[in-house]
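Thanks for coming, everyone. Let me put the chain on the screen and walk you through a few spots.

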Amino acid sequence: MMTQEQCTHRNNVQSSEKPQVYKVGIYGWRKRCLYFFVLLLMILILINLALTIWILKVMNFTIDGMGNLRITEKGLKLEGDSEFLQPLYAKEIQSKPGRPLFLQSSRNVSVNIMGNNNQLLTQLVTGSNGFKARGKMFEVKSTSGKLLFSADEQEVVVGAERLRVMGAEGAVFSKSVETPHVRAEPFKELRLESPTRSLLMEAPKGIQILAEAGDIQAICRNELRLESKDGEISLDARRIRLMRLPEGKASTSSSSSGTRQTVYEVCVCPNGRLFLSQAGTGSTCQISNNVCL
């Protein structure tokens, strides 16, 4: 058993010790830093919310779309001018009913058709240098479906009723031209000219040159030859004139001493050359054939 003195001493020791207090929470500079970060976060949240509302207002975000872009049942609808900085992939591009489709670029506009192996099949390029088309065939048709123009590796076809060349030099063909009919415009002359080479017209059944309301004139520098291998050449006219035929001179012994004759006869040399000879009581071609030499 504990004596009375021991109990008294124990009570004195316990009464001399102070009770320990444990603080719970953040105090001091830590508490001030926490409040500062919370305040900064709230400011950032308000700024972010204000910027989001401003972007939604400026970009015109609605339930149907954004700005000029509208989402419809048929796809995307753009109103006004639109600019694409990256390639655009679409199945179909069309304008509003009754409105034109306008494509604009600072350099060129290219339309490419690719194959299964990423091979270029058809290309359409419009640029500052001009208009270029690449493909197997090029066709131009009217609204009724009539073929107006087509071109491929084999031939070029003009399906219009009339081909008009407005250039002052006319049409230039480096090779042959095949056509069943060459006709000038009404009240205009038709002129076929070869300045430095020969002009050849050939047909298996014949060539007909017809001028119903005018003259036909053939001019060459050296020789003009009319040749018929199996047929004949007919000159059928009301008046036939042979200009600038050479005149044969008769020998001194056979020349008449009378007045100079003003009547001539046309003579033909064995080589086919024509010349004039003074007409007499008989033929004077034999005595004036010095032209045939």
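Is N118 buried or exposed? One reminder before I answer: this is a predicted model. N118 counts as exposed, because its relative accessibility is 59% and the cut-off for exposed is over 50%. Where does N118 sit? Look at the loop between β4, residues 109-114, and β5, residues 120-127. Now the backbone. Why flag that? Because most residues other than glycine have a negative phi.

There is another one to check. R244 also is not a glycine, and its phi is positive, about 60°. You find R244 in the loop between β9, residues 156-158, and β10, residues 264-268. Buried or exposed, then, for R244? Exposed, because relative accessibility there is 85%.

Next, the cysteines. How many disulfides does the chain have? The count comes to two. Remember what we are counting: a disulfide is a covalent bond between the sulfur atoms of two cysteines.

Take C267 and C285. They are joined by a disulfide, with 1.8 Å from S to S. The torsion about that S-S bond is about -80°, so the C267 and C285 link is left-handed. Which parts of the chain does this pair tie together? C267 belongs to strand β10, while C285 is in the segment after β11, residues 274-278. So the bond ties together parts 18 residues apart in sequence. How accessible are the two ends? C267 has a relative accessible area of 2%, so it is buried. C285 is at 18%. That is still buried, because the cut-off is under 20%.

Now the other pair, C269 and C292. Their sulfur atoms are 1.7 Å apart, and they form a disulfide. This link is left-handed too, with -80° about the S-S bond. C269 is in the loop between β10 and β11, and C292 is in the segment after β11. The two are 23 residues apart, and the pair links distant parts of the chain. On accessibility, C269 counts as buried at 3%. C292 counts as partly exposed, because its value is 23%.

What pattern do the disulfides follow? Count the bonded cysteines along the chain, and you get 1-3, 2-4.

Two further cysteines, for anyone keeping a list. C33 is partly exposed, with a relative accessible area of 36%. C220 is partly exposed as well, at 40% relative accessibility.

How much space lies in the second largest pocket? About 2300 Å³. The lining is made of 39 residues. Closest to the centre of this pocket are L78, F84, L88, I93 and L101. Which elements give two or more residues to the lining? Those are β3, residues 76-78, and β4. Of the elements, β4 gives the most, with five residues.

Terms used:
Residues are numbered from 1 along each chain as its sequence is written. This is a predicted model: local features need pLDDT of at least 70, side-chain atom pairs count only at pLDDT 80 or more; totals for chains, interfaces and linings use all residues. Side-chain values use heavy atoms; hydrogens and water are left out. Helices (H or I, at least four residues) and strands (E, at least two) are DSSP runs, numbered from the N terminus. Buried means under 20% relative accessible area, exposed over 50%, partly exposed in between (1.4 Å probe, protein chains only). On a 1 Å grid over the protein atoms alone, a cavity is a set of points where a 1.4 Å probe fits but cannot get out, and a pocket is an open set with protein on both sides within 12 Å along at least five of seven lines; lining residues have an atom within 4 Å of a point. Grid points are joined across faces, edges and corners, and a volume is the space filled by probe spheres set on the points. A disulfide is a pair of cysteine sulfur atoms within 2.5 Å.
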